[in-house]
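This briefing goes with the sequence and structure shown below, and it is meant to be read with both at hand.

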Amino acid sequence: MALSGLLLGAATIGLRAAAQPQEQVIKVLARRFTYTPNKLTLKKGVPVILELTTADVLMGFNAPDFGVRADIIPGQVARVRLVPDKVGTFTFFCDIFCGSGHETMNGTITVAA
Ligand SMILES: [Cu+2]
């Protein structure tokens with residue numbers, strides 16, 4: 001009885017995993033005063049996970065058009081989910097002062113239909 005319940009549970013988890021495709025993970029490395037990559041190309045309606053890390057100091061990641069922002073703390077991975085819900089080219093930028101050059105620390109998110 002207990003065993004069959006366990007098996008049923010395992011099968012349900014399997015089905016759920018199959019029904020929901022894994023979201024693409026995009027790693028973005030920040031360093032004074034750039035992001036790598038600094039151009040992201042996404043498809044409308046296909047959410048992605050951004051894994052943000054910094055090679056040197058505390059950085060920010062802000063993509064206001066998609067309501068996404070994060071602190072990128074040295075030694076940690078900041079994970080944010082971005083839902084590209086509109087087509088066009090949008091800017092993301094560092095919103096934590098990180099030195100002279102900070103003002104030009106940005107990149108673009110291009111969303112295609
Ligand atoms: Cu900065």
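**Cis peptide bonds**

Phe-33 lies in the loop that connects β1 (24-31) to β2, and in this predicted model the peptide bond joining Arg-32 to Phe-33 is cis, with an omega of about 5 degrees.

- A cis peptide bond also runs from Thr-36 to Pro-37, where omega is near -5 degrees.
- Pro-37 is found in the loop between β2 and β3 (39-43).

**The open sheet**

- An open sheet is formed by 4 strands, which follow the order β2-β1-β4-β7 with mixed pairing.
- Because β2 (34-36) and β7 (78-82) stand at the edges and each has a single partner strand, one side of each is left without a neighbour in the sheet.
- From one strand to the next, the twist averages 30 degrees.
- Strand β4 (residues 48-54) and β7 run antiparallel and are joined by 5 bridges, and Glu-51 stands opposite Arg-79 in β7.

- Asp-95 is placed in the loop between β8 (88-93) and β9 (106-112).
- When residues up to four places away in sequence are not counted, Asp-95 touches Gly-60, Asn-62 and Arg-69.
- Asp-95 and Met-105, which are 10 residues apart in sequence, are 8.9 Å apart in space from C-alpha to C-alpha.

Terms used:
Residues are numbered from 1 along each chain as its sequence is written. This is a predicted model: local features need pLDDT of at least 70, side-chain atom pairs count only at pLDDT 80 or more; totals for chains, interfaces and linings use all residues. Two strands pair if DSSP finds at least two bridges between them. Helices (H or I, at least four residues) and strands (E, at least two) are DSSP runs, numbered from the N terminus. Axes are lines fitted to C-alpha atoms, for helices over the stretch in contact, and angles run from 0 to 180 degrees between N-to-C directions. Two residues are in contact if their C-beta atoms, placed from the backbone, lie within 7 Å.
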